[in-house]
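Student: Please take one part of this assembly and look at it closely, with the aromatic rings in mind. I would like the cut-offs stated along the way.

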Amino acid sequence: RARAADMTLPHSVVQTPIFMPVGTQGTLKGIIPEQLEALDCRIMLANTYHLGNRPGEQVLKAGGGLHKFMNWPRSLLTDSGGFQMVSLSKLTEITEEGVNFESPYDGSKCMLTPERSIEIQQAIGADIMMQLDDVVDSTCKDEDRFEEARHRTVRWLDRCIEAHTRPDKQNLFPIVQGGLDEGKRKDCADQLTKRNVPGFAIGGLSGGEDKSTFCRIVKVSAENLPDDKPRYVMGVGHQVDIIACVALGSDMFDCVFPTRTARFGSALVFEYPGELQLKKSKFKMDFRPIDENCDCSTCQNYTRAYLHTVVTKEPSACHLVSIHNVAHQLRLMKRARDAIIEDKFPQFVAKFMLDLYPDKKYPDWAQQAFQGVGISLEE
Amino acid sequence: MKFIIDGVAGKTVATGCATAAARAGQLEVRSSLPVLDTPAPLIRCRGGAIPHLTHETLQYLDTANRTLLIPYQYHSTQTDVLKAYQKGLGSFLGEKDRMSMLTVQDPGEETKSGYNQNKAISVWSGCNRNIVDVDGYKQFVRVAQPDIVVPLCDGDTPPDSTSKRINKAAKRTIDFLDSFLELKDENPKMNVVAAVEGGLDPVVRKLSAIETSKRNVDAFLLDGFHSNGTAAESLRWEAIKEPFLETIFHLPAEKPRFFLGPAGPRLLLELVSAGVDVFDTSYPNLVTERNAFLVFNNKFTKDWDPLEGADNHDLMFEKNFENDEMKMEMRSLVEGCSCYTCRNFTVAYLYHLVHVKEMLAKVLLSLHNLHHYLTFFKSIREAILADQIHLLHRQILQPL
């Protein structure tokens, strides 16, 4: 079910499957945007919740939108602000009108409505905006809550569409909800498909649910969405998760993981164990680059031994590993894409998994997910 | 090391001595690399990296012929690693195509006082102390392969030092030097910048200068006038003038003079006028650390007429982001600045980054501050060659 496509956005053409690095506050942890261009990154994320607070709508408008403000000429995607609100505020109350919450900055009470979310996202000016959805933690036990949430999500989508005054400049994506129930997911997907939208997101996952359930729901959500529009699985993630989702028919991914783990001196690689903890003493005399086949500037100029001496100590070490980790994720997606285009995706997956698990003790959930779409791993 | 002096400020010899006059020069160390035009700052490293910058982001700064200054204190436990690596410290740090100078203590970080011993120096990295003697230091130098090196020295002479301390520091440093110079027999191409000590005692200074000059060294480091770091930013020329000049008077004019430590515009101009050739970038680094940016006038206007009236700039050398009006200011940090930050980002964006404590703030501030400081050095050199260093002095420091 894997597919490769070209997605043309106002600021750049994005080749899917694609991983989008996350620049929460209008910056990617110490990386200058031009460096991302050098890695051929075509799209990155920014968070409406954070930016709506600081620097705020007024400043963003005065600055000509986020692209200009942060000097990133390529594409941007913003989330609605809903997820952070629920996860970061101590006190949120969700009503039909919107999300009532207490600001963690000054304790003041605010309301985020679908209309307000669109307003802020328009000030930011991202190429892709997300609707404000009623997101429920996937480990919630209250079935009624999921039922309420997915219907409200559809109603909020309509309000978002109504409030969106720049459909020619910004794309609005709805988000499929429905918790972990296949029926609810299918129904939600059907509802959203009825609207004239340019793409879809699959949300409400990557919380605390187990991986096989996760895959099952991604699969169901994806197969009930139209083929000719992009599918964005929010908050994914780790390498195997991404490839599994690609196999299940998804096109776009985002996660703070690569840049967050870089801060702790962890570099992503293709071979077992998938991550190098550069602080460990075994790297003291390892004079190889993080990845000998990587052409990012970190791997071209620095050794593991050097990084071992600076990670978690010097801020520039965080930049160096971040650059590599983003490069790694982009390369992973490119390899997947090339394999799909050459009709060799199953072979790609088999090799990818074997490199990560040379003892062939693949995680069950992954094996099952791949098998479910006709990909068998090497035994 | 080849040092060619291509201009000496004639009219400005306020010191009354030919060796203590501002000079513009060219320093050639590695023939395969461009020469360093002096006066010049070395790019100071901290903890094995240029603060906040990487090999890639350093390209956004015009540093074609810049040399790195690497303080040994951060690398004292890396002798074994470098020995196995074999390609030298500069390469290890990701900069094999730049020259590197090894010094003992970091000019940008305060050096703890009172920890040196008779035959060994204490160096700190974070909370860890390492004690190194000349042999240990020589072993490190052999595997680090710096283009230029300061021998092990004792510069622990803060202003309130006793005479005993000052004399010990000076004598010890000469002993270390003599032992260290055995390396030069092994490797005659090694460039040695000998530290001259003596605290603020003019007599000891004179003796140190004379003694050090007798040795086969390539340049001199005027050391021991401060203890490095932010505290050293408040060093005033008036406080060190006498012992400083006493040192310079007894150093040969034809060899370069180094001064390491945070030198803001005032002190820098005095030191240049006294005949110092090479400095370092700890000052712009420290400005960056407090989330500030340099704004002082760093351009040289030839034949500037002081009687034309005061220039339209105030005497603030730096500004920070505490003014909330900056939140909406969509202009560059400094009007007319051609640095990467000023060409691509606004005050408002930097304000945002600083207030949300994002790492990019210091990256962009570093690029601006280093550029500003490097540009200042270009202006200084121009002024010396035009024999108008005194005019530059007034241009920069003219109060409103």
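Tutor: Accessible areas come from the Shrake-Rupley method with a 1.4 Å probe, and for residues only the protein chains shown count as cover. Chain B of this predicted model exposes about 15,500 Å², of which carbon and sulfur atoms supply 48%. Residues are numbered from 1 along each chain as written, while chains are lettered from A and ligands numbered from 1 in written order. Local features need pLDDT of at least 70 and side-chain atom pairs 80 or more, whereas totals for chains, interfaces and linings use all residues, and side-chain values use heavy atoms, without hydrogens and water.

Over all chains, the search finds 24 aromatic pairs (Phe, Tyr or six-membered Trp rings with centres within 6.5 Å; planes under 30 degrees apart are stacked, over 60 edge-to-face, the rest tilted). One of them joins A:Tyr306 and B:Phe92 edge-to-face, at 5.7 Å centre to centre and 85° between the planes. This pair crosses between chains, from helix H12 (residues 304-310) of chain A to helix H3 (residues 89-92) of chain B (DSSP runs of H or I, at least four residues, numbered from the N terminus). Both partners are buried, A:Tyr306 with a relative accessible area of 2% and B:Phe92 with 1%. A:Tyr357 and A:Tyr362 are also edge-to-face, at 6.1 Å and 75°, but here A:Tyr357 is partly exposed at 22%, whereas A:Tyr362 is buried at 5%.

Key:
Helix = DSSP H or I, 4+ residues; strand = E, 2+ residues; numbered from the N terminus. Buried < 20%, exposed > 50% of the residue type's maximum accessible area, 1.4 Å probe, protein only.
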